[in-house]
Amino acid sequence: MSEIPSELRYARSHEWARLEEDGTVTVGVTDHAQDALGDVVFVEHPEEGQQVNAQEEAGVVESVKAASDIYAPVTGTVIAVNETLLDAPETVNEDPYGDGWFFRIDPDDVSELEELMDAEAYAEFCENEEH
Amino acid sequence: MPFIPHTVEEESSMLSEIGVDSIEDLFDEIPSALRAGRLDGVPAGVSEMEMLRRLGERAAADASGVCFLGAGCYDHHIPAAVWDLAARGEFMTAYTPYQAEASQGTLQLIYEYQTMMARLTAMDVSNASVYDGASGLAEAVLMAVRANRKAKSRRVLFAGSVHPNYRKTTETIVSNQGVEIATIPSTDDGRLDMAALEALGDAVALVVQQPNFFGLLEDVDSLADWASARGVLLVAVVNPLTLAVLKPPGQWGEAGADISCGDGQPFGIPMSSGGPSFGFICCRSALVRQMPGRIIGRTLDLEGRPGFTLTLQAREQHIRRGKATSNICTNQGLLVTAATIHLSLLGRAGVRAAALGSAARTRELVAALTAIDGVTERFGGAFFHERALNLPRDADQVVASLLRHGILGGLALGPCFPEDPTMQNCLLVCATEKRTPEEIQRYAAALQECLAA
């Protein structure tokens, strides 16, 4: 069973979103996602300052098996990307909810987070997806 | 691994296993409006005897003679061992299978090929080949557009001295993807006009061919420096044989070319009416994820034994579908096999000898032909193993007359440049290391006779 922290929100495309104290939203992929991807070998970030739309592609994560799109969980402006991943993509596997974050968004409408799943709903979603 | 199609019994057993009545039912989810239906234009089959008769007629219609024709496809010597080995059953069916690591021999061959191509071009990486040089250039242009995220423009600058067929193929493939091609005029001496470059404005990439279509050497160091100073990616189209002598694209200017591509035909591939051939694409490592195709790596297995593995295929179409780096890319497995064997047999010295021999024979040819009254060199300056000549009359007609003397005289340039009437009398000739002094004298005598008639 993969780790699903209770304080985060989750997208059906397996990104997590965390509302920070300054009102920005940090985005990464879940433990379940990194496990399914296998060894991550490359990460392609959006540009800082780029406008992204909820449920649209904002980056790519590539493992030895496949290159998969990363979708923005909320609409807004990219204000930071995790440069660490460019040299150490394996951080995504090692610490998906911490140092393995992807990018940070200044959201247009923070209430969009409510449309995402909570931990319990995401756990159930993963469970159903496996069957 | 057997490459035998499944039998009727196997088909019905597979269908019953998954509970489907017919193969047709597997395509149910495709709406009927999107389906092509019956292929009415396909004629009924013919017998083997009939097929051989018809193909024999076609083959006989192909012009034959002593070959002085180049322009992208060259008559080089191919050691008999090349195709004797390449035609072995293990290679003949070569294509990286989807369970790639089960075919270690195929992977090792591609690994060797990629190593040789990267060394020849002095680039970091090579893909496993594409259809031909022209489609390789189109892919290289699309790569450059995807990779150069800083550039606002989608305009690609194309030297007017690039092979016209390569430009046409590239236009066909990229024009529907919002990429604009701007042609840089050539100077009177047949080379890219540096002065005209600046006037063309913003661009994402610059395409230069070395040697260019006329066999001339471009000032690639200056062009590479020009491109890198402006954040323009440099795409180098090269004849790989010439790299045994000329400076490889990875070393052009201060920074080198970003992408190199070209046609592998000079390496063990017969001219055979113009195809099939294979294209190569090499690039710097920073661009590897935009390069279509796959990369093979050498590694150790769990028991520490050496082996080969697919190390980069994550952006191929069986994984990325519509977002793949290319949806018209395959590797030309058998031709790459022949080229790899060819390069292994010739070695560094052999490839260099073929390149230098071709350059030397072409100089002898040019001297013999320009000794004829009215035949002159169209352009001055350095050239490799092709030369454009001015004739005193229409080059197309001269080529037809030479053919009656058993000489494939070259390519008449008029039809390649319909907008330039001065090309009507222009003939592009080439001599490879295979041509003998006697054959060159025969050509000169035949040309003299044709022009006197």
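Predicted model: local features only at pLDDT ≥ 70, side-chain atom pairs only at ≥ 80, totals over all residues.
Residues are numbered from 1 along each chain as its sequence is written, and chains are lettered from A and ligands numbered from 1 in the order in which they are written.

**How the parts meet**

Let's start with the two chains. Five residues of chain B touch five residues of chain A, where a contact needs C-beta atoms, placed from the backbone, within 7 Å. On chain B's side of that meeting there are two nonpolar, no polar and three charged residues. For these classes, Ala, Val, Leu, Ile, Met, Phe, Trp, Tyr, Cys and Pro count as nonpolar, Asp, Glu, Lys and Arg as charged, and the others, Gly among them, as polar.

Chain B itself splits into domain 1 (80-342) and domain 2 (347-452), with bounds that come from an automatic or database domain assignment. The C-alpha centres of these two domains of chain B are 28 Å apart. Twelve residues of domain 1 of chain B make contact with 17 residues of domain 2 of chain B. Domain 1 of chain B brings eight nonpolar, three polar and one charged residues to this meeting.

**Strands in chain A**

Helices (H or I, at least four residues) and strands (E, at least two) are DSSP runs, numbered from the N terminus. Two strands pair if DSSP finds at least two bridges between them.

Chain A has an open, antiparallel sheet of three strands in the order β4-β6-β7.

Chain B has an open sheet of seven strands, ordered β2-β8-β7-β6-β5-β3-β4, with mixed pairing. Its edges are β2 (125-126) and β4 (180-184) of chain B; each has a single partner strand, so one side of each lacks a neighbour in the sheet. Further in, β3 (residues 155-159) and β5 (residues 205-210) of chain B pair in the parallel sense over three bridges, and B:Val156 is partnered with B:Ala205 in β5(B). Helix α6(B) packs on this sheet, touching β3, β5, β6 (233-238), β7 (259-263) and β8 (279-283) of chain B, and its direction makes about 165° with that of β7(B).

The table puts the two pairs side by side. Axes are lines fitted to C-alpha atoms, for helices over the stretch in contact, and angles run from 0 to 180 degrees between N-to-C directions.

| Helix pair | Axes come within | Crossing angle |
|---|---|---|
| α6 (residues 133-147) and α7 (residues 164-174) of chain B | 8 Å | roughly 50° |
| α11 (residues 333-370) and α13 (residues 437-452) of chain B | 9 Å | roughly 25° |

Angles under 35 degrees count as roughly parallel, over 145 as roughly antiparallel, 65 to 115 as roughly perpendicular and the rest as oblique. So α6(B) and α7(B) are oblique to each other. Their contact has eight nonpolar, five polar and no charged residues. α11(B) and α13(B), on the other hand, are therefore roughly parallel. The contact of α11(B) with α13(B) has eight nonpolar, one polar and one charged residues.

Most residues other than glycine have a negative phi, and most peptide bonds are trans. A:His14, not a glycine, has a positive phi of about 70°. The peptide bond from B:Gln210 to B:Pro211 is cis, with omega near -15°, and B:Pro211 lies in the loop between β5 and α9 (220-229) of chain B.

Terms used: Contact = placed C-beta atoms within 7 Å.
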